[in-house]
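User: I'm new to this structure and would like to get to know it through a few questions. Can we take it step by step?

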Amino acid sequence: MTTPGGDPAQQHDAFHPHLRDLKATAPDSPLRMRLHHIRTEDVDPGTAQTEGMRRFAAISGQSVGSERLWMGQTHVAPDTASANHHHGESETAIFVVRGHPEFVFAEERDGRVEEVRLRTRPGDYIFVPPFVPHREENPDPDDEAVVVIARSTQEAIVVNLPELYVLEPGE
C-alpha cells in the first residue's frame with residue numbers, strides 16, 4: 001500500500017511511515033530489496049560444524065543478505081551425540097521437527113555440577129542463551145533427529161569445547 005497522490009517515487013508504505021525512502025535504507029543491496037525462497041535441496045552444508053551433527057544454513061548474510069538473523073537446520077544421526085559447544089553471542093531458538101533429541105547442559109546444584117538433560121519431541125522448542133555450553137544427543141537407535149535453528153547473528157557462530165561447564169555470573 002502506498003500513500004495516495006504525489007510523485008510515485010516519493011510514495012511509501014503506509015504501514016511503515018518511517019521508511020519514507022526505501023532506497024535510502026539499502027542503496028546498493030539488491031538482496032535487501034526482495035523476498036528470498038530457499039528450497040530444502042538448496043540449504044548449504046558450508047557452515048560452522050560440530051562433530052556428531054550436520055548443520056545446513058538456509059538464511060544467512062551470505063545467502064540472502066540478512067544482517068541480524070541466521071536460520072538453518074541440524075541433523076543428528078541415530079544413537080549419536082554432538083561434541084560440546086556454544087554459540088558465542090548468539091541467542092539460539094530451536095524447533096524440533098523430527099525425532100526426540102536431547103539437549104544437555106551443565107548446572108550447579110547444591111554445590112555440585114550436574115548434567116541436565118532436556119528430552120524433547122516434535123513440536124517442542126528450546127532456547128539457548130549466548131555462551132551457554134551444551135550438546136545435542138539423539139538416543140534413538142533407528143531414526144535421525146532434525147531441528148530448525150534460528151540465531152540472532154548473521155552467521156552461525158560455533159565454538160567447539162572439550163567439556164561442558166557452568167557459566168559463572170558475568171561471563
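User: Let's start with one side chain. What does Phe 95 count as at 30% relative accessibility?

Analyst: Keep in mind that this is a predicted model. Buried means under 20% and exposed means over 50%. The value for Phe 95 is 30%, so Phe 95 counts as partly exposed.

User: Which residue forms an aromatic pair with Phe 95?

Analyst: A search of the whole structure turns up one aromatic pair. Its rings lie 4.9 Å apart, centre to centre, with 50 degrees between the planes, and the pair is tilted. The link joins distant parts of the chain, with Phe 95 in strand β5 and its partner in strand β8, 30 residues apart. That partner is Tyr 125.

User: Is Tyr 125 buried or exposed?

Analyst: The relative accessibility of Tyr 125 is 63%. Exposed means over 50%, so Tyr 125 counts as exposed.

User: Stepping back, how many helices and strands does the chain have?

Analyst: From the N terminus on, the elements run α-β-α-β-β-β-β-β-β-β-β-β-β. Counted up, that comes to two helices and eleven strands.

User: In what order do the five strands of the open sheet come?

Analyst: The edge strands are β1 (54-59) and β8 (125-128), each of which pairs on one side only. The twist averages 25 degrees from one strand to the next. The pairing is antiparallel, and the order is β1-β2-β10-β5-β8.

User: Which residue in β10 is the bridge partner of Ile 94?

Analyst: Strand β5 covers residues 92-98 and strand β10 covers residues 145-151. The two pair in the antiparallel sense over six bridges. In β10, the partner of Ile 94 is Ile 149.

User: Over which ring does the charged end of Arg 151 sit?

Analyst: Arg 151 belongs to β10, which spans residues 145-151. Its charged end is 4.9 Å from the centre of the ring, and that ring belongs to Trp 70.

User: How many residues of strand β9 are buried?

Analyst: In a regular strand the side chains alternate between the two faces of the sheet. For β9, both faces are covered: His 134, Glu 136 and Asn 138 are buried on one side, Arg 135 and Glu 137 on the other. So the count for β9 (residues 134-138) is five of its five residues.

User: How many bridges join strand β6 to β9?

Analyst: Strand β9 pairs with strand β3 (residues 80-81) over two bridges, in the antiparallel sense. There, Thr 80 has Asn 138 as its bridge partner. Strand β6 (residues 102-109) also runs antiparallel to β9, with Phe 105 partnered by His 134. The number of bridges joining β6 to β9 is four.

User: Which residues does Pro 141 touch, leaving out those up to four places away in sequence?

Analyst: Pro 141 is found in the loop between β9 and β10, and it counts as exposed at 60% relative accessibility. The C-alpha atoms of Pro 141 and Pro 78 are separated by 5.0 Å, although the two are 63 residues apart along the chain. Pro 141 touches Pro 78 and Asp 79.

User: And for the chain as a whole, what share of the 171 residues counts as buried?

Analyst: The chain exposes about 10,600 Å², with carbon and sulfur atoms supplying 52% of it. Among contacts with a separation of 6 or more, residues 24 or more positions apart account for 69%. The buried share of the 171 residues is 34%.

Note on methods
Residues numbered from 1 in each chain as written. Predicted model: local features only at pLDDT ≥ 70, side-chain atom pairs only at ≥ 80, totals over all residues. Heavy atoms only, no water. Buried < 20%, exposed > 50% of the residue type's maximum accessible area, 1.4 Å probe, protein only. Contact = heavy atoms within 4.5 Å. Areas by Shrake-Rupley, 256 points an atom, 1.4 Å probe, with all protein chains shown as cover. Pairing = 2+ DSSP bridges. Axes fitted to C-alpha atoms, helices over the stretch in contact; angles between N-to-C directions. Phe/Tyr/Trp six-rings, centres within 6.5 Å; stacked < 30°, edge-to-face > 60°. Lys NZ or Arg CZ within 6 Å of the ring centre and 35° of its normal.
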